[in-house]
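I opened this entry to keep track of what I looked up, chain by chain and then at the contacts.

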Amino acid sequence: MDVLIQVRKVSKTFEDLSGNTGGSVEAIRMIDFEVRRGEFVSLVGPSGCGKTTLLDIIGGLERPTGGEVILEGERVESPHPKAAMVFQTMSVFPWRTALTNVEFGLELRKVDSRTRRNKALEVLHLVGLQGFEYKYPSQLSGGMNQRLAIARALALDPDILLMDEPFGALDEQTRFLMGLELLRIWEATRKTILFITHSIAEAIQLSDRVLVLSMRPSVVKEEIPIPLPRPRTIETLTTDACKEIEHHIWDILKVEALKGLAERHGQ
Amino acid sequence: MTLYLTRVLQLGFLGALFVAFMGLSAAFPFFPSPAKVLGTTVTFLTTGEIYPHLGITLYETGFGFALSIVFGVAIGMALATNRTVGEIFEPLILSAYAVPKIILLPLLLTIFGVGLEAKVANAAIHGIFPVILNTVVGVREVNRVLLKLGRSMKATRWQTFQKIIFPSMVLPVFTGFRIAVGLAFLGALLAELFESKMGLGFLVTHFYNTAQIPKMLAVILFVFILTMSVNAGMKRTENSLSRWRVVWTF
Amino acid sequence: MGNRLIIRLSRIAVILLTLVGLEAVVRAGLVSKLILSPPTRVAVKAWDDVRSGELLAHLGVTAVEFSIAFLIALTLGIGFGVLFFRFRLIGGAVEPLLLAFFAAPSILLYPVFLTLFGLGSATVVAIAVVTGTIPIVVNVSAGLMGVERIFVKLGKSLKVTPWQLFWKIMLPAATPTIFSGIRMGFTYTFIGVIAVEFLLFSGGLGRMVSWRYFIFDTEGLYSGVALVITIAALVNSLVRLAEERVRARWT
């Protein structure tokens with residue numbers, strides 16, 4: 001199995017340009033890890049630890065201050081054509097139908113309209129939105145809109161999906177169901193997924209491996225394999241083995257989360 | 001049910017105004033009764049006395065409006081896309097909004113003379129500010145996540161503008177246009193009231209000076225009905241454009 | 001901070017450059033003195049106006065008319081605003097009519113008041129009240145309606161009297177919006193006063209400008225316009241400053 005994503009000694013410091021807080025912010029101190037083809041890896045960390053920044057760097061939207069990211073053997077300087085991102089907040093275009101939303105990336109790549117249309121219909125079917133092609137986002141629920149965002153990403157046939165807390169704004173029940181949906185899509189398409197979340201349960205539900213990040217300036221505190229069998233059902237997710245992993249991760253995170261709380265109070 | 005009640009109340013309100021108007025005309029003998037005013041308005045429309053003047057005013061308004069949207073959008077976009085330029089000029093434009101622009105009318109008349117140009121210019125000046133401000137807002141309020149998405153898909157600058165920024169701008173800019181129409185109309189009318197030989201504004205002063213009060217009131221009533229209808233129509237279009245409404249939550 | 005200073009200086013530089021440009025254009029004879037007065041002479045005339053007390057005299061008239069109009073607009077505006085909030089049925093019916101009316105050129109109503117009150121300050125005040133009241137009414141009512149349900153719920157759970165509910169919860173919560181409406185009412189009342197003074201030659205700053213136009217006093221005209229713009233801008237920034245203070249305390 002080859003390595004698709006290599007994050008090598010990445011660090012990121014933000015220079016403060018406005019001159020207000022007097023100084024720079026070290027968001028990421030040193031992050032180093034690998035993701036192999038077909039893996040589902042989650043990044044878990046306390047709020048404000050720089051997860052989004054890290055994903056932006058891997059996605060080519062930000063430059064690291066130090067270190068580098070290698071995607072499919074190429075150094076990342078700008079968004080990689082074979083990596084697609086899904087964001088946490090609402091990122092579908094409200095003025096386009098579901099179908100034309102999915103076609104967006106293909107439009108940018110000047111794919112002809114027939115190919116675009118077929119691909120979009122295929123992908124919408126894959127994420128379970130068949131029948132909703134001509135609806136507008138305002139007519140769809142939150143969960144459906146995030147599925148739409150995922151469909152749009154999938155339409156570009158990426159090898160890698162970079163997902164930044166895509167289900168963060170959904171309620172818990174929808175979230176769980178969306179997680180199952182995502183796993184179904186993953187198993188059908190065998191993409192490589194790097195998934196950010198602050199929910200331990202979600203990370204365990206979905207991933208092969210969980211990387212726990214520390215508080216800012218962040219490093220990888222620990223890498224935890226999730227040997228639970230697939231498919232992950234309610235049964236597998238309530239076993240003792242699973243609970244143990246959850247406790248373990250929480251123990252690590254607890255320390256970091258409290259540090260974050262203290263810092264915010266200090267400010 | 002409530003809609004029905006609302007309509008009833010609105011009719012009641014208008015009815016009360018009508019009655020108040022009647023009382024006014026009883027108290028002030030030279031003040032015509034509302035019935036007479038309405039009658040005169042109808043006569044106006046049928047005899048066609050009003051049409052050449054209406055045409056002139058509409059021409060001035062239309063031309064002024066066109067100028068205000070062309071320059072307004074251009075200036076608005078310049079202010080919103082270029083940060084330094086925006087920071088320098090925006091406060092100036094905001095202050096200009098609060099200045100009674102009618103005060104510029106004599107300047108326009110001095111520069112352009114007493115013809116149509118000054119009226120068009122006045123209409124344009126009145127109309128340009130809401131267009132500028134709404135264009136700025138339209139560009140600024142583009143959802144950041146949408147821009148981020150565009151970047152992650154390697155959209156070119158032109159693609160970003162055409163497919164992300166422009167659609168986001170449609171609604172606020174259209175609102176700006178709606179306000180601008182009313183203000184351009186006002187600008188044209190004010191210029192005509194002040195110094196003119198033709199147009200609806202001229203008619204008002206003319207009828208006043210020749211003591212034809214019913215006709216004067218009829219013109220005013222006509223102007224009001226015209227403005228309110230156009231405004232309502234544009235508002236309806238605005239509402240139907242709601243799928244362009246970018247401000248929303250999960 | 002240094003950045004702000006540069007911006008301020010750039011703004012002043014732009015204005016100065018424009019004035020210098022205008023000056024040059026007139027002095028070079030490209031534009032007739034009858035059409036465009038050189039800024040230097042306008043400045044001198046403006047200073048004269050201030051010194052001679054002429055500005056003050058006109059300003060006084062405008063100020064009095066404005067104050068009366070604004071006071072009436074405030075009273076009517078807040079009064080009806082609260083009324084329309086309290087009785088939503090009436091408010092919901094009348095407010096759209098008011099907004100539709102507001103889109104129309106209400107200054108055009110001045111001949112109506114002219115026939116009623118004759119030529120004088122009363123007409124000016126009347127129109128100014130008409131234009132200035134509506135934004136206040138709408139904002140007071142919207143502000144009160146926009147108070148978060150949770151605040152009202154909290155008050156009721158603490159068993160406050162309706163009086164306390166209004167004064168200690170609703171009004172404070174609605175203040176930013178109400179104040180915005182008051183600022184708009186201020187602006188529109190001022191615009192109304194100047195506009196009618198201008199059209200009717202009835203006295204005050206508006207009259208000062210239109211009069212000078214008709215007697216072909218080009219320098220005086222530009223001076224008058226410049227003075228009115230300056231006064232309007234000054235007053236407006238004061239009101240905006242006040243609004244900012246209010247907003248800062250409330251958020």
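**Entry 1: which chains touch**

I noted first that this is a predicted model. I then asked which chains share the most contacts. Of the 2 pairs of chains in contact, that pair is chains B and C. Chains A and C do not touch, and their nearest C-alpha atoms are 8 Å apart.

**Entry 2: chain A overall**

I counted 7 helices and 10 strands in chain A. Its C-alpha atoms fill a box of roughly 55 × 50 × 40 Å along the principal axes. I checked the radius of gyration against the globule rule: a compact globule of 267 residues would have a value near 18 Å, and the 19 Å of chain A agrees with that. Of the 267 residues of chain A, 42% count as buried. I also looked at contacts in chain A between residues at least 6 apart in sequence, and 70% of these join residues at least 24 apart.

**Entry 3: the domains of chain A**

In the contact between them, 15 residues of domain 1 meet 14 residues of domain 2. On the domain 1 side, the elements that give two or more residues are S7 and helix H5 (172-189) of chain A. S7(A) supplies the largest share of that side, 4 residues. By type, the domain 1 side divides into 9 nonpolar, 3 polar and 3 charged residues.

**Entry 4: strand S6 of chain A**

I went to strand S6 (residues 83-86) of chain A to see which way its residues point. Ala83(A) and Met85(A) point one way, Ala84(A) and Val86(A) the other way, and all are buried. In general, side chains of a regular strand alternate between the two faces of the sheet. S6(A) pairs with strand S7 (residues 160-164) of chain A in the parallel sense, over 4 bridges. Met85(A) stands opposite Leu162(A) in S7(A).

**Entry 5: helix H2 of chain A**

Why do I call H2 of chain A largely enclosed by the rest of the structure? I call it that because 8 of the 11 residues of this helix (residues 98-108) are buried. Among the buried residues of H2(A) are Asn101(A), Glu103(A) and Phe104(A). The cover over the buried residues of H2(A) includes helix H3 (113-126) and helix H4 (142-154) of chain A. After H2(A) comes Lys110(A), with a positive phi near 60 degrees.

**Entry 6: chain B against chain A**

I found 17 residues of chain B in contact with 17 residues of chain A. On the chain B side, helix H7 (144-152) and helix H8 (157-194) of chain B are the elements that give two or more residues. H7(B) gives the largest share of this side, 6 residues. This side of chain B divides into 10 nonpolar, 2 polar and 5 charged residues.

**Entry 7: chain B against chain C**

I then turned to the contact of chain B with chain C, which takes 42 residues from chain B and 41 residues from chain C. The elements of chain B that give two or more residues here include helix H1 (2-27), helix H4 (83-98) and H8. The largest share of the chain B side, 10 residues, comes from H10(B). I logged its residue types as 34 nonpolar, 7 polar and 1 charged.

Notes: Residues are numbered from 1 along each chain as its sequence is written. Chains are lettered from A and ligands numbered from 1 in the order in which they are written. This is a predicted model: local features need pLDDT of at least 70, side-chain atom pairs count only at pLDDT 80 or more; totals for chains, interfaces and linings use all residues. Two residues are in contact if their C-beta atoms, placed from the backbone, lie within 7 Å. The radius of gyration is taken over C-alpha atoms; the globule rule is 2.2 Å times the number of residues to the power 0.38. A residue is buried if 20 or more other C-beta atoms lie within 10 Å of its own, exposed if 12 or fewer, and partly exposed in between; C-beta atoms are placed from the backbone. Two strands pair if DSSP finds at least two bridges between them. Ala, Val, Leu, Ile, Met, Phe, Trp, Tyr, Cys and Pro count as nonpolar, Asp, Glu, Lys and Arg as charged, and the others, Gly among them, as polar.
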